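Let's take a walk through this one together. Have the sequence and the model side by side, and we'll go from one spot to the next.

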Amino acid sequence: MATASPTAGPLTALAYTLLLVSQSIAAFLLLPLVLASAILTLIWVGLPFTILTATTLRTIANAQRSTLTRINPQQPVPAAYRPLPPTGVHTRVRIILTDTATWRDLLWLTSAPLLTFLALVAPTLYAHALFQTAYALYLWRHIPDFYGVISPQTPTQALLVLPLALITLLLARTLHPLTTTAHHTLARLILAPSEKARLTARVAHLATSRADTIDTQAAEIRRIERDLHDGAQARLIALGMDLGMAEQIVDTNPQAAKQMLAQARETTRHALIELRDLVRGIHPPVLVERGLDGAVHALALTHHLPVTVTTHLTGRPGDPVESAAYFAIAELLTNTAKHAQATHAWVHINHGRQRLVITVTDNGKGGAQPTPESGLTGIASRLDAFDGTMNITSPTGGPTIVTLEIPCALSSPKTLPSSATD
């Protein structure tokens, strides 16, 4: 049976039921608009109206999918709509009308009365049992007829309603799991994408993430080439020139040759520093030696903004995930220091349900929004290669909370601190 959780109480179950019912009713109220848009689609004037109606229906259907997923996380109900292009009315309408997910939404819309009935059967019976109990104990004095069948005149006669209340309560308890399961099963059956649609969406997602990963890697290679060309390579060329000149004058002007060798030694030192910095930018040695836990603590120690780090890890994620998580945290802290006007930041790292969960919070001014060329968008693209997600909560005035989730398993448990503060 689908339930909110193993420990979900009756109030939680009632809240979910009312939420599901409100979503079904909201969808059913769209039926006149759906019919109107279907008729108006025959003429070009109705095409924008069709897009608006379909978008609204998708929003409500996705809300129901999200609720069903929260009720039973083991059986998620994902959305599998075909992506719509940003422009082109005819193209967008064509994709909407040929998308099987759209027709599933319409089937769910027309099934809203049945779903509402299944969801409300048990709560209605519970309410009747409560009313019958209240009637037998008190309300009979103010309501002369009980459903037009019984007209108690004395308290003893009124108590005869109590067995009926007990029967109603037992009926409600018996039907509750049956109707709840029937409702959730039917809603999932209608709203969940077919296996073909799920695989199609998965392939499209992988193709997009693969293209983004290739672009990111190409940009990273260009950055490394540029840093090598402008930094270490230029210094090594200068080193070769200094050594060549020193070789030519070592016999005629030993003092000048000695100065050139000293300059060459200094050039070598700077080149090594730049190479080390470049290596740290590719994969920091501290990440290899101490893992994500130690690397983030080291990052916090060197950051000019006070950063509190807490970690709860029983092992280490794979190297690619560890590297992506580290650089995401580093970039988020850099953005915080540059733009948030914050005085403190917090990093929390946890692992559960085969997911690495990272929360970066600051007490800055808020208003953080990813733009096409921003670092936040770059972080989301890198995490997307691992099927990871990034959620941003940043109201005006703060605080800003960025949550990163990356599916991964941890290696065998190691000796790691459970928490620490810098």
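Start with a pair of charged side chains: Glu-322 and Arg-316 meet in a salt bridge, with 2.8 Å from N to O. Both Glu-322 and Arg-316 are buried. Keep in mind that this is a predicted model.

Searching the whole structure turns up four salt bridges. Another of them brings Asp-99 and Arg-58 together, at 3.5 Å from N to O. That pair links distant parts of the chain: Asp-99 sits in the loop between helix H4 (89-98) and helix H5 (100-110), while Arg-58 belongs to helix H3 (residues 47-71), 41 residues apart. Once again, both Asp-99 and Arg-58 are buried. Then there's Arg-65, whose salt bridge with Asp-105 has its closest N and O atoms 3.0 Å apart. Arg-65 is in helix H3 and Asp-105 in helix H5, so this pair ties together parts that are 40 residues apart in sequence. Arg-65 is buried, since its relative accessible area is 3%, and Asp-105 counts as buried too, at 1%.

Now for the nonpolar side chains. The largest nonpolar core has 32 residues, and those with the most contacts inside it are Val-347, Ile-349, Leu-356, Ile-358 and Leu-404. Elements giving two or more residues to this core include helix H11 (285-302), helix H12 (319-340), strand S2 (345-352), strand S3 (355-362) and strand S5 (400-407). H12 provides the largest share, eight residues.

What about aromatic rings? The count comes to one aromatic pair. Tyr-326 and Phe-327 make up that pair, edge-to-face, with 5.4 Å centre to centre and 75 degrees between the planes. Tyr-326 is buried, with a relative accessible area of 10%, whereas Phe-327 counts as partly exposed at 24%.

One last stop comes from a record: an unreviewed UniProt entry places the feature "transmembrane region" at residues 36-57 and 114-138. In the model, residues 114-138 are 96% helix and 0% strand, with end C-alpha atoms 35 Å apart.

Key: Residues numbered from 1 in each chain as written. Predicted model: local features only at pLDDT ≥ 70, side-chain atom pairs only at ≥ 80, totals over all residues. Heavy atoms only, no water. Phe/Tyr/Trp six-rings, centres within 6.5 Å; stacked < 30°, edge-to-face > 60°. Buried < 20%, exposed > 50% of the residue type's maximum accessible area, 1.4 Å probe, protein only. Core = buried A, V, L, I, M, F, W, Y, C linked by side-chain atoms within 4.5 Å. Helix = DSSP H or I, 4+ residues; strand = E, 2+ residues; numbered from the N terminus. UniProt positions renumbered as here; feature names shortened; annotations may be inferred.
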